[in-house]
Amino acid sequence: MKHLLITILLLAPFFTYANESQQIDKLAKPILDLFSKNEIEHVANKALEHSSVSDYISKADLIQTDSQFHGYLNVLGKFYSLQLIHQQEIEGTYSTRWYVLKYQRQPALISLEFYKADDEWEVHSINLKLELDDYLEERSKIEIGKLGIKKEN
């Protein structure tokens, strides 16, 4: 009985994390599917339509954001695929996922932020970046800077 209780206590955090990850996956999938279906006219609106954040954003701002997303993505050519490249979280409260969207002309980076204030996860924000070379350059500076650090024996 003692071993069963210990096993249950050890597995409980894993199941909680898996369940939360599945909830976030369920929120992310319809948003990410918009890109593969090339339905990019209302990405921000659809991403935030079930979020309490949308109560604090004016309709005009959402329309403007949708227009910007469409304008930026529409000129990138054919969409090929997307890839989750990083995720980071404050367990049980806040999670961010970064995806590379692979287009014919160039890649784009999208981040989806999820927030759980009480019982339910919701989409907190969606961000689009087209300057992936800037990210790589910044990371390179950090890595080059590390080369000058000597480890003490």
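Which residues does S125 touch, not counting residues up to four places away in sequence? The first close-up has the answer, and the other views follow. Everything here comes from a predicted model, where local features need pLDDT of at least 70, side-chain atom pairs count only at pLDDT 80 or more, and totals for chains, interfaces and linings use all residues. Residue numbers run from 1 along each chain as its sequence is written, and side-chain values use heavy atoms, with hydrogens and water left out.

**View 1. S125 and its contacts.** S125 sits in strand β4; strands (E, at least two residues) and helices (H or I, at least four) are DSSP runs, numbered from the N terminus. Leaving aside residues up to four places away in sequence, S125 touches L48, S111, L112 and E113, where contact means heavy atoms within 4.5 Å. For L112, 13 residues apart from S125 along the chain, the C-alpha atoms of the pair are separated by 5.9 Å. S125 counts as buried, at 15% relative accessibility. Buried means under 20% relative accessible area, exposed over 50%, and partly exposed in between (1.4 Å probe, protein chains only).

**View 2. E20 in helix α1.** Here we're looking at a glutamate in helix α1. E20 is buried, with a relative accessible area of 10%. Not counting residues up to four places away in sequence, E20 touches G92, K116 and W121.

**View 3. N38 in the loop between α1 and α2.** This loop is the place of N38. N38 isn't a glycine, yet its phi is positive, at about 55 degrees. N38 is partly exposed, with a relative accessible area of 48%.

**View 4. Helix α3, face by face.** Residues 59-74 make up α3, which has 16 residues and reaches 22 Å from first C-alpha to last, close to the 22 Å expected at 1.5 Å a residue. That expected span is 1.5 Å times one less than the number of residues. Buried in α3 are L62, D66, F69 and L73. Seen down the helix axis, the buried residues of α3 fall within an arc of 60 degrees, so they line one face of the helix; the arc is that of the directions from the helix axis to the C-beta atoms. A60 and I63, on the other side of α3, are exposed.

**View 5. The largest pocket.** About 240 Å³ of space lies in this pocket. On a 1 Å grid over the protein atoms alone, a pocket is an open set of points where a 1.4 Å probe fits, with protein on both sides within 12 Å along at least five of seven lines, and lining residues have an atom within 4 Å of a point. Grid points are joined across faces, edges and corners, and a volume is the space filled by probe spheres set on the points. The lining of the largest pocket is I85, H86, W98, V100, L109, L132, Y135, L136 and R139. β1 (79-90), β2 (94-103) and α4 (132-147) each supply at least two of the lining residues, and α4 has the largest share, 4 residues. By type, the lining of the largest pocket divides into 7 nonpolar, 1 polar and 1 charged. Ala, Val, Leu, Ile, Met, Phe, Trp, Tyr, Cys and Pro count as nonpolar, Asp, Glu, Lys and Arg as charged, and the others, Gly among them, as polar.
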